Amino acid sequence: MTDFQLPEQLQRLLDRIDYVKQRLSQQQTLFSNTDQYTEWLTRLDEFKQALSDQTPDALFLGQETISQLITYYPQLTPLLPRDLLWLLGGDCLHFMPDEEIQKFQMLEEQRFAAQDAKASFDWDDEVSQLQPTQMPTSPGDYH
């Protein structure tokens, strides 16, 4: 999986967390109450801080947070950047169809090949060019 020792990989993940927080603020009405909404924002902030501090369990905390968010609020899944699930790995991969996982695996191979060749590789550009796969619409659609 992705090596978060690289500053650009860590920054990419931090950016995705900010994006999720922004999108959640636009969907606040989907939460049962303001306290629940605030709790999710706090959990995302804790995850972001753990990443920034490079705590050993930061990725596990992120996997747990995003997996629970999807489990409790599956309607929010389309708001999540797909590469966030890939970057976190672990349980988050269960929310991705096999075809999508294969596409991200190919992107990682291309990234490493470009790194070995000392060539440029724009992850965001490459991700934006991926053909979107059909998103799961119910919890039963996940594997």
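Start with Ile66: setting aside its neighbours within four places in sequence, this residue is in contact (heavy atoms within 4.5 Å) with Leu44, Leu80, Leu84, Leu85, Leu88 and Cys92. Keep in mind that this is a predicted model, where local features need pLDDT of at least 70, side-chain atom pairs count only at pLDDT 80 or more, and totals for chains, interfaces and linings use all residues. Residues are numbered from 1 along each chain as its sequence is written, and side-chain values use heavy atoms, with hydrogens and water left out.

Now zoom out to the core. Ile66, Leu24 and Leu51 touch the most other members of the largest nonpolar core, which has 35 residues. Such a core is a set of buried Ala, Val, Leu, Ile, Met, Phe, Trp, Tyr and Cys residues joined through side-chain atoms within 4.5 Å. Buried here means under 20% relative accessible area, exposed means over 50%, and partly exposed is in between (1.4 Å probe, protein chains only).

Which elements give two or more residues to this core? They are α1 (7–26), α2 (34–52), α3 (58–72), α4 (82–88), α5 (98–116) and α6 (123–128). Helices are DSSP runs (H or I, at least four residues), numbered from the N terminus. The largest share, 7 residues, comes from α2.

Next, have a look at two loops. Gln54 sits in the one between α2 and α3, and has a positive phi of about 55° despite not being a glycine. Gln54 counts as exposed because its relative accessibility is 53%. In the loop between α5 and α6 you'll find Lys118, another non-glycine with a positive phi of about 55°. With a relative accessible area of 76%, Lys118 is exposed.
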